[in-house]
Amino acid sequence: MLFETVFNNLISTVNTTVLSGCSETGVAATGSVGTVINMLILAFTALSVGASIAISNYLGAKEWKTARELVFVGVVLCIGIGALLSIVCFFAAGGIVSLLHLEGEVYVLAVAYFKIRVAALIIAALQSVLLAVLRCYGYTRHTVYAGVLQSVVNTGLSILAVAFPTTTVAVVQKIALAAVCGQLCGLLLTLFFCKRLNIRACRVQSAHAFRMLTATVLRLGVPAALSGGSYTFSQVMRSSMAPLISLAAVSATVYYNNILCYAYIISYSLGSANSIFTGRLCGAGEFDHAERVNRLLVKCTAVANFLLSLLLFLFRRPLLSIYTDNPQIFAWATAVFAIDFVAEGARAVSHIYEYSLRGAGDVRCMMIAMIVSGWLCGVGGAYFFGIRLQMGVAGFFLATALDEVCRAVLSVWRWRTGKWKTIFAAKAA
């Protein structure tokens with residue numbers, strides 16, 4: 001899952017790097033709407049996460065037929081919602097992008113990129129749930145192969161997009177098409193693996209049973225997605241505030257995020273894997289085992305996040321020079337990367353405990369806590385520190401660090417209450 005995370009991050013990194021050599025305006029446009037696309041993907045995340053939690057629990061309890069029925073339900077729901085969102089967002093692209101306060105050429109480029117990406121949301125939806133199913137069954141190596149293929153296709157086509165002189169709008173559209181083609185290739189390989197590994201989706205026999213399983217998926221998935229959505233929404237709001245500072249602030253936020261996302265790849269990967277593992281253990285009733293694994297993983301992720309964030313801080317100037325030579329962006333970087341030290345330590349804790357709670361099906365309480373944290377610390381903090389106190393981009397990242405600290409404290413508190421040990425038993429009953 002670490003390798004899968006790396007290759008997923010590379011897609012954004014490659015696109016930003018390619019565009020930075022062509023147009024900083026294009027970077028600002030694609031980076032801004034990229035956060036909106038991530039918000040849309042949360043709808044599929046809700047379904048795939050809900051399905052994966054339930055599937056992991058039932059696999060742990062050795063209820064194979066119910067697990068296969070949940071695969072069927074997850075696929076049907078993702079296809080339906082993906083198609084609906086694709087149609088609505090394509091025709092409402094202009095209005096959605098205007099909410100980010102983008103103007104002029106940046107607005108035109110953002111709309112052009114956004115339309116192409118949302119037109120293929122159904123591909124992202126189906127791939128999301130199928131990859132989740134592969135992980136539940138333990139075939140994480142195969143999800144890496146799909147990620148590698150998607151990254152290679154996206155990289156090759158992105159490089160070709162800027163290889164020949166053309167307009168900035170055409171380049172941005174080609175970058176979007178490269179991302180879509182990469183997703184399509186990844187989906188086709190994922191489908192091939194599902195068939196080869198004999199992962200079957202058992203058709204639900206009655207409408208009542210389908211509704212019951214759908215309710216299970218949504219009951220687990222929606223709160224988990226809204227919990228993650230509070231964080232993603234804070235990023236969207238932060239991106240919408242960046243133009244109030246300057247165009248350089250918009251580009252800087254994109255560059256910093258593309259670099260700093262590698263500071264927590266280990267904690268995110270271990271947290272995601274632990275979510276599946278905890279689901280299996282809870283289904284089998286092995287709660288002590290789950291607690292021991294959590295304590296071990298927190299120590300590993302804390303050290304890993306600290307070392308990675310330290311490396312990024314020390315090499316921030318060479319890394320930023322890949323994207324830009326803007327002196328203002330370099331000047332802001334020291335404060336931003338220093339603040340990230342605090343964020344990464346807290347993120348190491350929250351990734352393990354929050355994802356473990358998710359795997360156990362304990363999602364409602366954390367949903368409320370994370371939404372409150374996202375609004376007060378993420379969104380409110382970004383406005384207070386970044387705009388009111390005029391700390392600029394550094395204020396935005398300070399708000400993110402504060403949000404991460406709150407998430408860590410709340411997730412540890414909830415885990416120690418032990419309520420998560422009773423969720424699957426109550427659900428099965």
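Helix H11 (residues 265-284) has 20 residues, and the distance from its first C-alpha to its last is 29 Å, close to the 28 Å expected at 1.5 Å a residue; helices here are DSSP runs of H or I with at least four residues, numbered from the N terminus, and the expected span is 1.5 Å times one less than the number of residues. Gly285, with a positive phi near 80 degrees, follows H11. The model is predicted: local features need pLDDT of at least 70, side-chain atom pairs count only at pLDDT 80 or more, and totals for chains, interfaces and linings use all residues. Residues are numbered from 1 along each chain as its sequence is written, and side-chain values use heavy atoms, with hydrogens and water left out.

**Helix H15**

- Helix H15 (residues 364-388) has 25 residues and reaches 33 Å between its first and last C-alpha, close to the 36 Å expected at 1.5 Å a residue.
- H15 carries a kink of about 35 degrees centred on Gly381, where the bend is the angle between axes fitted to the seven residues ending at a residue and the seven starting there.
- Gln390, whose phi is positive and near 60 degrees, follows H15.

**Nonpolar cores**

- The largest nonpolar core has 100 residues, of which Ile55, Phe114, Tyr256, Leu320, Val336 and Phe337 touch the most other members; such a core is a set of buried Ala, Val, Leu, Ile, Met, Phe, Trp, Tyr and Cys residues joined through side-chain atoms within 4.5 Å.
- Helix H2 (residues 24-60) supplies the largest share of this core, 16 residues.
- Another core, of 15 residues, lies apart from it and includes Leu281, Cys282, Ala290 and Leu357.
- Leaving aside neighbours within four places in sequence, Val336 is in contact with Tyr256, Leu260, Val393, Ala394 and Phe397, contact meaning heavy atoms within 4.5 Å.

- Gln127 is found in helix H6 (residues 121-136) and is buried, with a relative accessible area of 6%; buried means under 20% relative accessible area, exposed over 50%, and partly exposed in between (1.4 Å probe, protein chains only).
- Beyond neighbours within four places in sequence, the contacts of Gln127 are Gln150, Gln183, Gly186, Leu187 and Thr190.
- Thr190, in helix H8 (residues 168-196), is buried with a relative accessible area of 0%.
- With neighbours within four places in sequence set aside, Thr190 is in contact with Gln127, Leu130, Leu131, Leu134 and Ala146.

**Cysteines**

- A search of the whole structure finds zero disulfides, a disulfide being a pair of cysteine sulfur atoms within 2.5 Å.
- For Cys136, the nearest cysteine sulfur is that of Cys194, 11 Å away.
- Cys136 is buried at 1% relative accessible area, and Cys261 is buried at 11%.

**Salt bridges**

- The structure holds seven salt bridges, each defined by a side-chain nitrogen of Lys or Arg within 4 Å of a carboxyl oxygen of Asp or Glu.
- Glu404 and Arg347 form one of them (3.3 Å, N to O); Glu404 lies in helix H16 (residues 393-417) and Arg347 in helix H14 (residues 327-360), so the pair ties together parts 57 residues apart in sequence.
- Glu404 is buried at 4% relative accessibility, and Arg347 is buried with a relative accessible area of 4%.
- Glu354 is bridged to Arg407, with the closest N and O atoms 3.6 Å apart; this pair links Glu354 in helix H14 with Arg407 in helix H16, 53 residues apart.
- Asp403 also meets Arg407 in a salt bridge (3.5 Å, N to O), and both residues lie in helix H16, four residues apart, about one turn of the helix.
- Salt bridges that share partners join Glu344, Arg347 and Glu404 into one network.

Note on methods
Helices (H or I, at least four residues) and strands (E, at least two) are DSSP runs, numbered from the N terminus.
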